[in-house]
Amino acid sequence: GAGPRAHVLLEGWRAAVSAADDIPEAMRPVSAGVLDYLGFESVFLQSDLVRTGSVSEGQCTPPLDFYRSYNFSVFPTIAANFDNLSSVLGNLSSEQVIPCKDWQSTSPTELRNYLEHTGDEEGVVFRNATARMPNCSDDGRVWLSPSCRGTPERCIPFVTQSSYYIPEVMQQSVFWQQPIAVMDLTPDAWVRVGSNMSVLLQWWVPDKAFVGMQAITMPSPDKEERDDGLYRTGQYGDLHKYVWRGLAGVAPEAHHLVQSFSLNVRAMNGFMAEMHDQRDASDVACDWVRRSSQKWSKWLPGPCNPGTELLQNGSCRECEAGFVSNQSTCVPCPAGTMNPTRAGTVCLQCATGWSSAEGSSACYLEEESANQAWEFLTIAASAALVVSLLTLAVCAARMHVRTAKLDRPDIGEMPIGSWVLKWVGPHVHERLTAPQVVSRSRSSFGSPMGASWRLRGNAPGFWIVNASPFAVRFILADSDVDLDAESFTKAFCTNVSEFQIQLFSNAKKPRREWERLGEKQVVKFITKETDWQYTPTAQDNSGINPVMYESSVVRMSLPDPGDGRCLGHIKMTRGPGGLLLLMWSPPHTLRGVPFPEFERFLNEVIDFPETWECPDVDGGGRAVVVHKRPGSSKRNMYDACQHLVLKKVACLDASYAELCTDYGPPKLFISHVWRETAYNTRSAVAKLKEALITRPWDTRLTRKWGSKAQSFSHDSLDAQFDYRVWFCTVCNNQSRIKEELGQDVQYSPFAQVLSLPSCQRVALISPFLALERKWCNYEFCAAKHANKTVLMVTSEGIVQAGQVAPKTLDKLSRKIVAFNCERSTCTSPEDEALINEAIQRMGGYSALNTELTQIFHQAIDEAHAWAKKALDRIQCPDDSDSCAESPLHEGVGHRQK
């Protein structure tokens, strides 16, 4: 697979440690140790102010570098040591003080923490019906702590930039009764005010922005409290070194250098002071290298290459397997680790449930050790029968407990089960059945499913999991194993990189009719080591967001069964302890998402608990980055793809639909624009669900279910889960989007789904935006040719259902009159060319303009019919039966003429 963008991180702060833990294991960097100096973020003030300040409070002169000195109830005149709030604001322009509503760090989570831990309800205010923000004065730019909220002139100014450390200071000012006025400044204003005025400021060290600063001593850090969002204590910690996990293998000398690299506090502070005086960082570093050879020469590898040791005759020799080199000496790997190769440089940790002795070249299953101990005790029984029987009883009890706690693929709370759950999703995982191993010979073929395994030497045991709906035979180097659909077993084999698999129609009746192969169809595959890949195709992985899978993947296309169906793909990956996992990737035509799970996805996009940095373009056409916080109404599908789909499922070579939902044939195709907000899309989808499922207004449903259609199961949860939608963001595999779209639009996922008999309707979300996009125009055209019912949907509701205001309809008609679909745009030039070619085959843009106008005309006409019916009813309220009401439509898009 592709390598990383960076190979070394020499100063990883607390946030970097957390971020590293969240990276998929296959891409996660490994620690190379910690530096000799600490890094911390805190409240600082000028050192001169500490030495010369401190207004006496009676007989006590409080030290300004101690947090309790700022307790307003004990030292009410402490603010006299600092410039007042008016003076600081007088030296700043309004543009240099960031409004509180734009503070990035005061997320909904942080404000909930503030209220929970302080109870200061006056410190926050509702921004809208649901979202809070800090309750600020001075035109919404300054937050005042409770100790000086009524007397701002007694507040001590605290300045920061990029809203750093504000949640911490807000809480601490309440806990320690500190009179604080919090301001978030632009970076240049922060440096100027912090350097030239008597204020408190947020800062971190090591950093070159300031010199001559003193940190206020805070209570010792309490990591558990801080993890819970309680900030009563200080913050500092080790600075970690990280390297690419493959660095030791491809560049062992560089890996050794990073592991050995370290600097002390005095050296680092000297560097920062020189850089503060405008010296270039490279010049500072070069000067240090020239005068510190005794220091850095110890970081370099020894006289022998990594992986070797120096012998007495001066020659170098490779370390044996189970050993690694350390300063030109071979040392054994510690117990619980192993090194399988000669000339090794790193000992690898044994997987959960595995162990090893010191100097091991392989790990072994603890259960296997127990079995060996059992055999030994059985042999010893003839020498001491009574003692042996008692010992065996104890061992049996221990083995029973061990078996009860065995880490299996179907136990999601255990490491292996959790890994399988991540790759197959909750719906498939809950159907995995426990292994039932039945003995059969190598030459046998067929039921019952199972395998008998003979342990060969020290071959490690591993799980084989068939998470597909098909019966599978694995033809491995040592043995064969047959597995029913969605089952697993444990096996022992020496090579699981190259093997054959055979797929059969499920021995049992498929759970669903579309989860079956053709009649008597047998599909065979051969996998080779070169088939395992960590990335999609080069074409799909060439964009700005390249994907690396968490484990290597093999993907193989299933052949056409001959009945017009597409069967999708089989894919495999390898997991902890050599686990082999086979999965089914369904075709696009089966990736419909149940309505409740689609709504859950939109909620997840809106409320995802991280601030997303989203690329955008400002009014002048310049590229900018917009920070979109949890609960933001501005997040769209571009943001969802980059920050949610790619990180959650695309890194597992899957679509969101197949991994996170109970997918199946869709009934509704949703055509949408990616830059439309998830908030508006969610509102439109809620209207769709109400109209089509919970309270169906289509009269064809009344004819189907009779007069009691309203009391039928449409308002039940079952009906909502049976009604599936197709939405490209969640239904396409975003890691291989170019491969899935193909080179011909009429064979694209969109065309395939629109041609399905089960797909009865097409819903166009936000018609105003959709008219500007070529993909939406093509989907219109394809839906028309397939005789699908087309619904126009806005956040107000469905146009044809009479739910959209007349003013909105008027705007829609004005846009239609001036519209020419040939002027619509497309993000990808390649996609635009494919769409243009497809539209030409369907009659060209002139015909498409006519068809689109007809669809919009019909939708607005149907909406008008509802208003006309209301008018007819009002005109004769006393005898409504005699009124000639306007005929309502037999169904959406099918008005009686």
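Predicted model: local features only at pLDDT ≥ 70, side-chain atom pairs only at ≥ 80, totals over all residues.
## Basis of the model

Local features require pLDDT of at least 70 and side-chain atom pairs count only at pLDDT 80 or more, while totals for chains, interfaces and linings use all residues. Residues are numbered from 1 along each chain as its sequence is written, and side-chain values use heavy atoms, with hydrogens and water left out.

## Helices 16 and 17

Helix 16 (residues 595-607) and helix 17 (residues 637-648) have axes that come within 10 Å and cross at roughly 100°. Helices are DSSP runs of H or I with at least four residues, and strands are runs of E with at least two, numbered from the N terminus. Axes are lines fitted to C-alpha atoms, for helices over the stretch in contact, and angles run from 0 to 180 degrees between N-to-C directions. Helix 16 and helix 17 are therefore roughly perpendicular to each other (65 to 115 degrees).

On helix 16, Phe601, Leu602, Glu604 and Val605 meet Met637, Ala640, Leu644, Val645 and Lys648 of helix 17 (heavy atoms within 4.5 Å).

Six strands form an open sheet with mixed pairing, in the order 28-32-31-33-34-35; two strands pair if DSSP finds at least two bridges between them. Strand 28 (593-594) and strand 35 (797-798) stand at the edges with a single partner strand each, so one side of each has no neighbour in the sheet.

Strand 28 runs antiparallel to strand 32 (residues 724-726), joined by two bridges. Pro594 stands opposite Arg724 in strand 32.

## Helix 9

His255, His256 and Val258 are buried in helix 9 (residues 252-260) (under 20% relative accessible area, 1.4 Å probe, protein chains only). Viewed down the axis of helix 9, its buried residues fall within an arc of 165°, so they line one face of the helix; the arc is that of the directions from the helix axis to the C-beta atoms.

Note on methods. Parallel < 35°, antiparallel > 145°, perpendicular 65-115°, else oblique. Buried < 20%, exposed > 50% of the residue type's maximum accessible area, 1.4 Å probe, protein only.
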